Amino acid sequence: MGRALIRPIVIMGAMYAFLKFVLPNIPGSAEIPASLIILYLLLTLSGIIIFETLSAESKDAFWGPMQRFLTGENIGGLQPLRYGILVLFPVLVGWQTYNATAPSDSPPAENRVIHPAPPGEYTGLANPVPKTPENIMQGKGFYAAFCSPCHGANFDGKGPAARGYNPPPANFADPTTIAMLQESYLFWRIKKGGVGLPIEGMPWKSAMPRWELELPDEWIWKIIMGEYDGAHQTPRTWE
Amino acid sequence: MNPEMLTKWLIRWGGTAAMIAVLTAGAGDGVAQESVAVRAALVTGTLPLDDPNAAAWNNAAPAVFPMSPQVHWPERIQQVTVQDLTVRALHDGTQIAVLLEYADPTEDPDDAAAIEFMVGDKKAHFAHGQPMLLVEGGPVNIWYWKSKDNKGVDLWAKGFGTLRPHEHQDVKAKGEYANGKWRVVFSRSLATDHPDEDAQITPGQFINIAFAVWDGRKDDAGQVIEKGSQKAVSSWWYFRAEPPPDYSGYVYAGVAAVLALGFQFVLIRKLKEGQSA
């Protein structure tokens, strides 16, 4: 038993040394990532294990046909398929390894959270401005003056200044923006703007202005009313 | 566990491990959102550091970015001349040259353009690195060019009102106007001795880049219309100096394929021995 263990250990050690110290020094190569070394060692190991443990007795209903297929004994018409698989398997392993290790050529993936959770003090605030036609009208006026260059006169996010901004200004007519949100959420977003977003909202990219520096709260509440009315949406209510 | 069961278990286990390897190997490919990047090709000849019309630029892939009138913070402007900016870049492993090209119907002394980068590891807001409320931001490095001076100015900012020129002016720039178009080339060494002031460009690494353009034309009263914060702007995009070609992926793939082949060979040989025994 002791001797039987020595050979695998030596082989594994040699393989590791080859991957770690020999291969990286071949011209055109580089340091091999740890995950890849593990994959190579795993393949080597499974080869060794099978080599060491497979015995003549290991035949049963599951294993028998597969064994015959792999060895190609009396499989007749299946022979081409066997060769196909024997060629395909190494090719597939090589291809996947290439994909996994080829240096990435694309910019970092960006998973911006569009609607991150608001700070606690901005949940459940009610709009203190009475919902009168005059207030809605006034809100729409402010919207036209301050918001429409980006969010569009039609509330569709296609204002004349929108094109260069990435992420684009929100489209309020789209049912997945303000219709899904509470008025208090909008109050937070309008007051604090893009720079008020938490890290998952990628604040450094947002062009949404921080309106608290320019507009009084009362105007913001009126704008919210005008925005919902103009976009033909209703705020999500408190559940 | 008897030998037969062990064998079965090993085959399944080996197969599963191989499959997991194969599946996870493919997982890195997905990109959630397409981003547009300027890619500076690596060239071996001389870089067109101060020649916006050099033939070498024909080999650089153009990236086009939409521009907006700056309406993010006061003073705003509702209309600007430049709607799109074409950007090309080249590097030679030491120096980088970036070419901005845009349509402008008139050549004016106050025409100007700028490139902005983040400095250091912290994210900076695209508007001059203005402070963010919940995230600690970093500064920005701005490379500025103005027609009447026709040279590069190396600037630094962290928030509005903090814009100042560097003590070390590392950036060169030169513009040429022809056929209703400006072509302005900016150049600098990839790395500088001042990593806390200057953007550092490492081949192979994506960094953020943004742009601004001022059309220096005047109104009837003789006032320049686009000036200061009243300009055409872009948000952050990506920039990368392309790394030297790396063939290690082929080597790894070859090793993996040979190992898989060896695995099959050993397996089949052993199976045949088992059958004939």
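## A tour of chains A and B

Let's start in chain B: select B:Glu273 and B:Arg269, whose side chains meet in a salt bridge with N and O 3.8 Å apart. A salt bridge here is a side-chain nitrogen of Lys or Arg within 4 Å of a carboxyl oxygen of Asp or Glu. Both residues lie in helix H2 of chain B (residues 248-276), four residues apart, about one turn of the helix. Helices (H or I, at least four residues) and strands (E, at least two) are DSSP runs, numbered from the N terminus. B:Glu273 is partly exposed, with a relative accessible area of 36%, and B:Arg269 is also partly exposed, at 43%. In these terms, buried means under 20% relative accessible area, exposed over 50%, and partly exposed in between (1.4 Å probe, protein chains only).

Before moving on, a word on the model. It is predicted, so local features need pLDDT of at least 70 and side-chain atom pairs count only at pLDDT 80 or more, while totals for chains, interfaces and linings use all residues. Residues are numbered from 1 along each chain as its sequence is written, chains are lettered from A and ligands numbered from 1 in the order in which they are written, and side-chain values use heavy atoms, with hydrogens and water left out.

Next, select A:Asp105, B:Arg39, B:Arg240 and B:Glu242, which salt bridges with shared partners join into one network. Within this group, zoom in on B:Arg240 and A:Asp105: their side chains form a salt bridge of 2.6 Å, N to O. Between chain A and chain B the count is four salt bridges, and over all chains it is 24.

Another pair to pick is B:Arg76 with A:Glu214, a salt bridge of 2.8 Å, N to O. This pair crosses between chains, from the loop between strands E3 (68-69) and E4 (84-91) of chain B to the loop between helices H6 (183-192) and H7 (217-231) of chain A. A:Glu214 is partly exposed, at 32% relative accessible area.

While in the E3 to E4 loop of chain B, select B:Glu75, which sits there too. The peptide bond from B:Pro74 to B:Glu75 is cis, with omega near -5°.

**The whole interface**

Now show both chains together. 83 residues of chain A are in contact (heavy atoms within 4.5 Å) with 76 residues of chain B. The two chains bury about 7200 Å² between them, 68% of it on carbon and sulfur atoms; buried area is the accessible area (1.4 Å probe) that two parts lose on being put together, summed over both. On the chain A side, colour A:Arg163, A:Val195 and A:Trp204, which lose the most area to chain B, together 11% of what that side buries.

There are also 20 residue pairs in polar contact between the chains, both residues at pLDDT 80 or more. A polar contact is a pair of N or O atoms within 3.5 Å; within protein, one must be able to donate a hydrogen and the other to accept it, and residues adjacent in sequence count only if both atoms are side-chain atoms. Among the elements giving two or more residues to the chain A side are H1, H2 (34-53) and H4 (79-101). H4 of chain A gives the most, with 13 residues.

**Helix H1 of chain A**

Select A:Met15 in helix H1 of chain A. A:Met15 counts as buried, at 14% relative accessibility. Leaving aside neighbours within four places in sequence, A:Met15 is in contact with A:Leu41, A:Thr44 and B:Leu259. A:Met15 and A:Leu41 are 26 residues apart in sequence but 7.2 Å apart in space, C-alpha to C-alpha.

Then move along to A:Phe21, also in H1 (residues 2-22). A:Phe21 is exposed, with a relative accessible area of 53%.

Jump to the loop between H5 and H6 of chain A, where A:Pro167 is found. A cis peptide bond joins A:Asn166 and A:Pro167, with omega about 5°. Select A:Phe155 in that loop: its phi is positive, about 65°, although it is not a glycine. A:Phe155 is buried, at 8% relative accessible area.

For the last stop, return to chain B and select B:His128, in the loop between strands E6 (112-118) and E7 (140-146). B:His128 has a positive phi of about 55° although it is not a glycine, and is buried at 14%.
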